[in-house]
Amino acid sequence: MKMAPSTDQHARVIPGGFTVLSLRFSEDDSHAALHQLCVKEHRVRAESNANRPLDRTLFVLNVPPYCTESVMTDVFSRFGPVQSVELSEKPGASAASDSGVSSYFTSRRRQCFRVAYIVFKHASGVKAAKRHPVNTPLIISSTDRPVRTGIRKWIQQYSDSLIKASSLQQDVDQFMNNYDKQKEKEAERQKQEAEQQQEDEEGWVKVTKSSRGVKVRPHSETANERTLQKEKRKKERKELLNFYTWQHRNTQKEHIAELRKKFEEDKQRIAVLRAQRKFRPY
Amino acid sequence: MKKKRNESTETVTEDQMEVIANSQNEEENEKKSAKRSKDSKRKAKDTVSDDGVLRPVKLSKKELFKAPTVEELSQLKEAENLFHCSILKMQMEELLKEVALSEHRKKLVGSFVQQVTDYLQCVPESEVVELDDISWLSGVEIPFLLVPSTAKGKFHMEPPASINLVGSYPLGTCIKPKVSVDLAVTIPASVLHPMDAINQRYSRKRALYLAGLARHLSFAKFVGSLHYSCLHGNRLRPILLLKPPGNDSSKVTLRIHAIPPPDFLKPSRFHPLKNNIRTEWFTGVANTQQESSEPPTPHYNGTVLGDHLPLSHLQFLSAISAQCPAFGEGVALLKVWLRQRELDQGAGCFCGFHASMLMAYLLSTHKVGKTMSPYQLLRNALHFFASTDLTENGITLAKNPDSKAPSLPEFHAAFSVVFVDPSGHLNLLADMTAFTYKQIQHEASLSLTFWDDPTVDGFQALLMTPKSMLRTYDNVFKLVNLVKLQTSCKKLLLLNELMDHSGNYVLAALPFILSLLQQGLGERIHLLAHSLPQDPEWPLDSAPPKHKDQPPLSIGLLLNLEHALSVLERGPAADNPKAAEFRQLWGSRSKLRRFQDGAITEAVLWTRNSISQKRFIILKIIIHLLELHADIPKSCVIFVGGQLDIVIRRGIENHTTGEEESLEVVQSYDDLSKKLWQLKDLPLSITSVQGAHQALRYTQVFPPVPVRLDYSFFDKKKNHLGLVPKEDKPCPCYIAPIKVIVHMEGSGKWPSEPMAIRHVKAAFHICLRELLCKQHNYRCHATPGYLDVWKDGLVFRIQVAYHREPQILRESLTPEGMLIYRDNAEAQALELETLHKPFLTSTLHGLQQQYGCFGVVCRLAKRWLASQFLLEYIREEAADLLVASLFLHPAPFTPPSSPQVGFLRFLHLLSTFDWKNNPLIVNLNGKLTAAEQTDIKNDFVASRESLPTMFIVTPNDKKVSVWTKEAPSVQMLQHAVMLAAESLRVLETQLDSGEKQDMRVAFRPPLEAYDVLIHLDSKQVPLLAKAVDPPANTFQRGTEAEQPYASGGALPVIDYDPVRLYLSELREAFGDLALFFYDPYGGTVIAVLWKPAAFEPKPFKTSLMNARRVEVNDDVATTVPNVEAILQDFRITGEGLVKRLDLRTEKWVV
């Protein structure tokens, strides 16, 4: 492994503009191998996400699975106060977060390597990070802020998975109340629209732009198919079979053709088996 | 053994590396080279794909609709009418081509026979000596056991009167692979004497003459090897085996028989009721009895008489075969059929000669037509076997026997199976036991049923699959140390039989021992079959092997599971006259017992506790009977079966193999299900309660065992939520949650959005929790996904399901407002859990009721898969289905009735099934019709590429193969196939050798192939005690040995297995770089294999940086995996669990 010489106190920048930082799990094992984080200021042509301000966001590659948001905040605080950390499996726009759903119902996060978007409070944090020399590794787990892994972590996880039924019930109730309210609103709206379509006293109907969605039930794909098939069957029933001589002849021809096809298929199968020496009985 | 295993695994290693390295390329290259070589051999037809994969046939319209010729029409018609399809006909033709002798081979045989004949004509004459004097045979032993040693008569050598080809070769029924050509050398009449018929004098002269020929031939240069042997295990009929020298030695074996002149002795002297061996001479004790009271010697008579007839038999068969053009091919097929069933060799066999004679009988009695095809001949022959019992109604080929010929009843009195030759004097099947004939009948009727079933590949089942003893019979016993049979002859008073068989005590005692066992086992078995004692072969300069030197005799049993495990043998009532007979059979074991219905009867009781022990009752019976009646000690009987029980045994101290535990789980589940149905105050009613766990279909390798907890071992979480493992203690015992799916009724109240449905389900879990708690005092734990119930020391995991949910997950609206359904992974996963799993569980539960040992076979199979690290790649459900197919489609066998035979067949299936070209159809409940199965096969061929490697079809899953969709991959399947073949080989040789050996060998995975081994701290492996080789030191895991509570108590630690958590983290983090292998049942090693493709340097990309490091060369940044950091991560992620890493760095460079 080619390591940077120890005298080099400069940041290591690779083609592509990324600065390489090294990462160590804990202070104790100074001989241990290091992971390499690649960092760069976050820069995309059109950033729609307000949570990633272009000048203050650091884009980090290759974040090990045991680094959670809080760990990253701790580690990167040495470059300046950190406002927020966002971890995701792939670089790119952040997935729409499930708002309004309690933590019990969000799916578990995969324990894989991720990328991070670290938003500093000041733009200087980004620059400091990019200037950090490669041979001074960042430390993940320190004595005052240990990171739990292995057995201790799993026991903690198990303990956390035991939840009180009442708090779960509370969350469910809250969600269902919201849901019901939403449904009610929806129904109300539909009712209003339906009312608008009714004739008024003078016999006028108001035609609005949004009338397309008024249909009470959306027509479905299966229903479409069903009607198509029904028509096809009707057509078939009307047709006469084996009525004309040519029809009769054709059926016979087709029968022979089918036998032939089967024969050819069988021949092929045999050839394959022969090639595999499947006819040696012993 | 260990060493052998190592060698073989090394080859596995290399193959595997290659496979994983560049399997695709490798395969293609191979195919290409194969193709090239084939092309040069024969012009490959363009329609045939040469890579061994079936492709859909495409014929142009013109080709399909051209006018047919008459010939083609008749061919197509024949194929349509006679066979299920034309493929069977073509298969038969191919097979016949494969076994027929080539012209080249015939030429070789012709010249070799000519050389030998010419050479034998000039055997030098020798002086007349006494029969006892064998000093003139310098250097060559006489191929005869001289017991008793003295015999009267004189002997001298003289050139043979004539030398003729006899048997299958001149008849044209000789087939590969063991081509043997029979040469009959007629002894000149001057050497023999009319009184030679008695006291083995003729037989000894015959042996001496053969020895003379052998001595002469040993000087010949054109002879490759010379051995003695004997015909069909009959020591009175030695033969000489000649092979050509050099490379041709394997191509033909010449068998030289010495025979007397055809009319030398009158056949009437060998009437089966006449005596030709005098007791006085045989025993050496002066006999005071009259000659007329001497016992008959039918077998000896048949032997001598048989030597007179080969030429006339050949004449007879040639005449018959000339009438029927398909005779030769028909006999050839029958011979293949017999050979696959190991019926064509040894003492009492049904050999090729008998097959020809049978075909001649069928032709001469017009049971088959002269114009029939070979296929029809075979079918009719099998039909004849199945419908005719030659042990009761013998048949004869003699048209008009002379007045002195014995009648059929006389033959029946002397022999157990009767088939009389054209002369009317000889019983062709004299040596066959009634049991062998019953075996033939059984095989024939089984074959016919397979043939009539359009869904079974009859060709494969009948003619291509070898049915070895171990794989065919549920239980196999071996009689070793055959010398003990001598004492049993004494005990059974078999002097006359011993005389008749000229001292061969094995053959003499065999029928009696077999019928004794049949009597004792009675209803417990369907069939009792035995291996045929094989013909020994020995060199010229050594004495013939003794009778006791034979290989062990195997006895195979097909069990009738209804009765086989019963502990009680109930006999007749005490006052019944048959009671004495019963007492005589069972000896002191039989006791008078009073039963609940008031009857007092004789009965034998075998005390056994567990089901696995009950399987040994048959062994007990056999040992008891043999010891009591035949003086065969226990040490002579070796039982093949039950040796594999150790790997699925519950613990070292208990002897149960988990069947009882499974039952207990099912009972507890039934109780829970009843209580769920009866719950009051549920907002919606329950429409179904279904089990969805392997334990509920009896196929969980180690079924959950009720436990009682030692609370001090755990931490307690506040609010009485449950117990939590302590950090400093060993991992607590693993409590597997048993999944139960509860469907709630449909109602308008169910919301129509996925998220809302999940919340409603969570609400149901909470509701069920409260009701179960209140009404039955069960401790429960509700989560959004499931509800855990702590009951009877077991944990049931109830999951509420709503039948429309998968459908709702698939729904989406198009911009036009149309409702469309699109399949997605989430919906599929849900359907798998709530639909497929419960259905499979209930179906297989039914299968277990039908076939008693289905569950055990499944568990053995899965134990093997797990131990070879395959269970994570071949899903448990897929493995269950594989085993189910053994029971539902057993052809050519019967459904297995013992764990061991089922397991062997599982390995055989896995190692030989052609996954590339065939779907495995598991016709559960027989729901698929033949037409549907054909459709499935056609669809499969049409879209092979897009389907999973291992394609398993069930009636509910015809298109997708849900259980094998994700895994295994091609490479993994190939790996599994290789491991299965190797394990099968190792196991069968061990079981066959009859000695006590370590059966666990097949359950130890080869570790040489892997790059990194992660050794785990056994303290933290919860299933440690279930390992294939359980360690001596065990840990206290928070359980008490007392009876568990039915309800109440703190909630235990459920489904907490650190190793599984560790593995899933490893796979999530490093799944792109490496494969991880583990035995989930107590393994202490995780084996890691790097993916070679991931190790090549790749250009730097933001999407490809995970766990890699950057190197810059000439302003180009490339990345490679950061191996050292990854290894460090293995340690960090598994802190407290990982003991050490074992790096095999010689395989890869950092």
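Here is a short briefing on where two chains meet and on a few local spots in one of them. Keep in mind that this is a predicted model.

**Where the chains meet**

- On the chain B side, 112 residues are in contact with 86 residues of chain A.
- The rule picks out 2 salt bridges across the interface of chain B and chain A.
- Lys153(A) and Glu1065(B) join their side chains in a salt bridge, at 2.9 Å from N to O.
- There are also 21 residue pairs in polar contact across the interface of chain B and chain A, counting pairs with both residues at pLDDT 80 or more.

**A covered strand in chain B**

- Strand S11 (residues 525-530) of chain B is mostly covered, with 5 of its 6 residues buried.
- S11(B) pairs with strand S13 (residues 553-559) of chain B, in the antiparallel sense and over 5 bridges.
- Within that pairing, Ile525(B) sits opposite Leu559(B) of S13(B).

- Some background first: most residues other than glycine have a negative phi, and most peptide bonds are trans.
- The peptide bond from Lys176(B) to Pro177(B) is cis, with omega near 0°; Pro177(B) is in the loop between helix H6 (168-171) and strand S4 (180-186) of chain B.
- Another cis peptide bond runs from Ala967(B) to Pro968(B), again with omega near 0°, and Pro968(B) lies in the loop between strand S29 (952-953) and helix H33 (970-993) of chain B.
- His366(B) isn't a glycine, yet its phi is positive, at about 60°. You'll find His366(B) in the loop between helix H12 (352-364) and helix H13 (374-387) of chain B, and His366(B) is exposed, with a relative accessible area of 64%.
- Tyr698(B) also has a positive phi, near 65°. Tyr698(B) lies in the loop between strand S18 (686-691) and strand S19 (708-709) of chain B, but this residue counts as buried because its relative accessible area is 10%, and the cut-off is under 20%.

Notes
Residues are numbered from 1 along each chain as its sequence is written. Chains are lettered from A and ligands numbered from 1 in the order in which they are written. This is a predicted model: local features need pLDDT of at least 70, side-chain atom pairs count only at pLDDT 80 or more; totals for chains, interfaces and linings use all residues. Side-chain values use heavy atoms; hydrogens and water are left out. Buried means under 20% relative accessible area, exposed over 50%, partly exposed in between (1.4 Å probe, protein chains only). Helices (H or I, at least four residues) and strands (E, at least two) are DSSP runs, numbered from the N terminus. Two strands pair if DSSP finds at least two bridges between them. Contact means heavy atoms within 4.5 Å. A salt bridge is a side-chain nitrogen of Lys or Arg within 4 Å of a carboxyl oxygen of Asp or Glu. A polar contact is a pair of N or O atoms within 3.5 Å; within protein, one must be able to donate a hydrogen and the other to accept it, and residues adjacent in sequence count only if both atoms are side-chain atoms.
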